[in-house]
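Biologist: I would like to learn how to read a structural model. Please begin with the packing of helices.

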Amino acid sequence: MTLSRMLMPFFAKMATSPNVRNLRRGWFEVKRRLLPSLNTVIFYHRVNDPYSLLLLQALPRFLEDFKVKLEIRFVLELPAETNPHQSLQANYALQDAKRLAKLHDLVFPDNASLPSQEDALKASAILLKHQNRPKLLHLVTEVTSALWGCSTTTFQSAAKRYGSLKDSEARALLGQATAELQARGHYNSAMLYYGGEWYWGLDRLAHLADRLNKPGMRRVTGDLADYQRQYRHVLQSYNTLRPRPKQVKTLDFYFSFRSPYSYLAADRVFKLADLYKIPVIPKPVLPMVSRGIALPKAKRRYILIDAKREAEKYNMPFGKICDPLGDGIYNAMALFEFAQQKGLDKEYVVSVMSGIWSEGLDVTRKSHLRKIVERAELDWSEAETFLGTDRWRKQAERNNEELGKLGLWGVPAFKYGSLVLWGQDRLWSLEKEVLAGTKNGN
């Protein structure tokens, strides 16, 4: 065991420490009071991004609630190295945005299709021409909504009314904004940047609201219920003491031992399945980097910080991490096969995920593996014989192929009947589907 692996959990714990985060925020507050211009939320908007469209609709209320200024930057082409599955993500986002819109009482067309690149560039050029005008948010909402066909104004009439920059000028300004986005440490659109931290779309607006919910920043009193909808919904819809009939449909749960979001999902999805008597099948896949897809440093850093915030929302321990990449992943996958044979796969997944992401256990070490295995009530002497085998590879490949056929690219992912979901922050949608089926007698 190298010194770097021994120290890794402690460095990770420091990087995700709430105390360190609070120190950074405290220093920002000092600067913000001295320089009021810092009290600004910057929104990186992409006109053909469904999540940007939904966030646009939520921002007016947000600006009424909190004393911050808003600046808008326009991007269009996202960096390929940090967004390697853009076509799959775009297609999935069309369906996902419909679910989000219903949850938050927003508007997204039922028959939505992605705007053409030509129209997206034209819309961006319109907005860039007027980027210094007062009440820019209103214009951005009007033009973006028209582009998506969810406005009383047609896109053609908006283009004629407002005019636009030349394509070459627009491309240059869009490139500058993308460079700024990357320089500040991100890679995606529908992002809000405030005080050195990033918040993605509607899904993370609650985190920013929490941060700003203090005297001098909050305009009105009351709770933040509207910002917390997805957090409050999960596992609160039904009386848990009421007997539940066993569900006919099975739930496929695709995950990676190296995915912090898979860790955040695992225990919660197993509890949800137990509550509603759903047969659940855990389906591990290899990490993206093991499949030849690199994870740039900026993306790794954001995921780590974001996962910590999400873990705090669900009162889950997180941050003392030992990266399992390499032999650790192979060990975890091999032992999963053993746990599955013994009918304790769910218990094993929770045990190993907790070890990796909250306890700093090194799954390249047999002593740590033994602890993980035995607390899942598995026999270590039997389990040890599975180490070094590669029988698990064929199943992992099949799981990855299934994921691709579902139109997905990453984990955690879920399939329940015809419902396909991506992300640990979509368990509320899974529960709604289960409840709908229960009420309909399915």
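**Helix packing and confidence**

Modeller: Two packed helices are described by the angle between their axes and the distance between the axes. In this predicted model, helix H13 (residues 327-341) packs with helix H17 (residues 392-405) at an angle of about 95°, and their axes lie 9 Å apart. H13 is therefore roughly perpendicular to H17, a term for angles of 65 to 115 degrees. Axes are lines fitted to C-alpha atoms over the stretch in contact, with angles from 0 to 180 degrees between N-to-C directions. Helices are DSSP runs (H or I, at least four residues), numbered from the N terminus.

Biologist: Which residues in H13 and H17 meet?

Modeller: Contact means heavy atoms within 4.5 Å. Tyr330, Met333, Ala334 and Glu337 of H13 meet Trp392, Arg393 and Ala396 of H17.

Biologist: Is Asn331 buried or exposed?

Modeller: Buried means under 20% relative accessible area (1.4 Å probe, protein chains only). Asn331, found in helix H13, has 14% relative accessibility and so counts as buried. Leaving out residues up to four places away in sequence, Asn331 touches Tyr348, Val363, Thr364, Leu369 and Leu387.

Biologist: How many disulfides does the structure hold?

Modeller: A disulfide is a covalent bond between the sulfur atoms of two cysteines. With a cut-off of 2.5 Å between the sulfur atoms, the structure holds 0 disulfides.

Biologist: What pLDDT does the chain average?

Modeller: pLDDT is the predictor's confidence in each residue, from 0 to 100. The chain averages 93, and 95% of the residues score at least 70. Over residues 237-241, pLDDT stays under 50.

Modeller: Residues are numbered from 1 along each chain as its sequence is written. Local features need pLDDT of at least 70, side-chain atom pairs count only at pLDDT 80 or more, and totals for chains, interfaces and linings use all residues, while side-chain values use heavy atoms, with hydrogens and water left out.

Conventions
Helix = DSSP H or I, 4+ residues; strand = E, 2+ residues; numbered from the N terminus. Parallel < 35°, antiparallel > 145°, perpendicular 65-115°, else oblique. Buried < 20%, exposed > 50% of the residue type's maximum accessible area, 1.4 Å probe, protein only.
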